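Try each task yourself before you read the solution.

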Amino acid sequence: MRLSLTSLMVGFALALVFLGPCPGLTAPLDGSDDDRFDLGNYDLNSVTDWDNLEPNIYGDNYDYEDQEIEVETVAADINRIGSHPKVDHHEEKVTLPTLPPFPVTLDFRGSGLFGPETGLGMPTCLLCVCIGGSVYCDDTGLEQIPPLPKDTSHFYGRFNSIRHVKNTDFINLSRLQSIDLTGNQISEMDEDVFRPLQQLHDLLLAENNLQALPELPLTLKHIDLRNNRLISRGIHSESFKGNNIQSLHEDTFCDSHDRYFIRRNLEDIRLDGNPLDMNLFPQAYVCLPRLPVGSH
């Protein structure tokens, strides 16, 4: 847009008149700086004659009639705002490996970085969790014990669907000290399944379908057989003789949650030869038709 320079200057002059110092109060224009700051040179009692005020009391006259001020506005290029370079998108198809259908038979085919390979297409320590010498395979849908790393000291295979424990499941595991297979469906165990385990201390087989026990190692200190289907002829006569049993849990033979439970089929328990005072644990055998053989 274009504005007249004359209009601007007139407005500027009026502003100086009304807002600036009055003529009667101004110091002489040709005086020195000291004279200009001397109040004696000012007529403080004068009255401004606004009707006869000269418009150009501050300097020479300039003719701005023929001059114009040109103001231009620069418009933004809207088409360029928010624009981005075009990016070509490419779609790639990824083919996932096909997992074998269940049930799966685990197959020991050597050891790798994450432990022995299994039939699931992954090593044991990816199927399970391996921390130090402990292997945790709880609630992983196993139907048999997977091949374990040779340095395994504690194995947890709770709450799976294991039915049969074979004598090859724990072979070459000389450091294994604890086995917990609670909450499976185990109904069969090979007779010599625990024979190679010379350091086995704890064996937890509660809540399974066992009717018989295999040969137990002499190093065993703690065994949990709650809620199984054990019968007298399924337990070796020397299974619990010559050990070091010192205490009995109240749920070892009985059910602490059922006061009327009686284990009629378990007729003979021999605990003699162990440093165990049977009188200290009456709740452990209160459901039995006969008292266990031992020190009373």
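**Exercise 1.** Is S153 buried or exposed, going by its relative accessibility?

*Solution.* Keep in mind that you're looking at a predicted model. Start with the cut-off: buried means under 20% relative accessible area. S153 has 15% relative accessibility, so it counts as buried. Next, find its place: S153 sits in the loop between β6 (134–136) and β7 (154–156). Finally, check who it touches. Skipping neighbours within four places in sequence, S153 has contacts with G133, S134, R175, L176, Q177 and S178.

**Exercise 2.** Where does L200 lie, and which residues does L200 touch beyond four places away in sequence?

*Solution.* First, the place: L200 belongs to the loop between β10 (188–189) and β11 (202–204). Second, the burial: its relative accessible area is 0%, so L200 is buried. Third, the contacts: L200 touches L176, Q177, S178, I179, F194, P217, T219 and L220. Take L176 from that list: L200 and L176 are 24 residues apart in sequence, yet their C-alphas are 6.0 Å apart.

**Exercise 3.** How many aromatic pairs does a search of the whole structure find, and why does the pair Y136 and Y156 get its label?

*Solution.* The search turns up two pairs. For Y136 and Y156, the ring centres are 4.8 Å apart and the planes meet at 5°, so the pair is stacked. Y136 is partly exposed at 33%, while Y156 is buried at 18%. F170 and F194 also form a stacked pair, with 6.3 Å between centres and 25° between planes. Both F170 and F194 are buried.

Terms used:
Residues numbered from 1 in each chain as written. Predicted model: local features only at pLDDT ≥ 70, side-chain atom pairs only at ≥ 80, totals over all residues. Heavy atoms only, no water. Helix = DSSP H or I, 4+ residues; strand = E, 2+ residues; numbered from the N terminus. Buried < 20%, exposed > 50% of the residue type's maximum accessible area, 1.4 Å probe, protein only. Contact = heavy atoms within 4.5 Å. Phe/Tyr/Trp six-rings, centres within 6.5 Å; stacked < 30°, edge-to-face > 60°.
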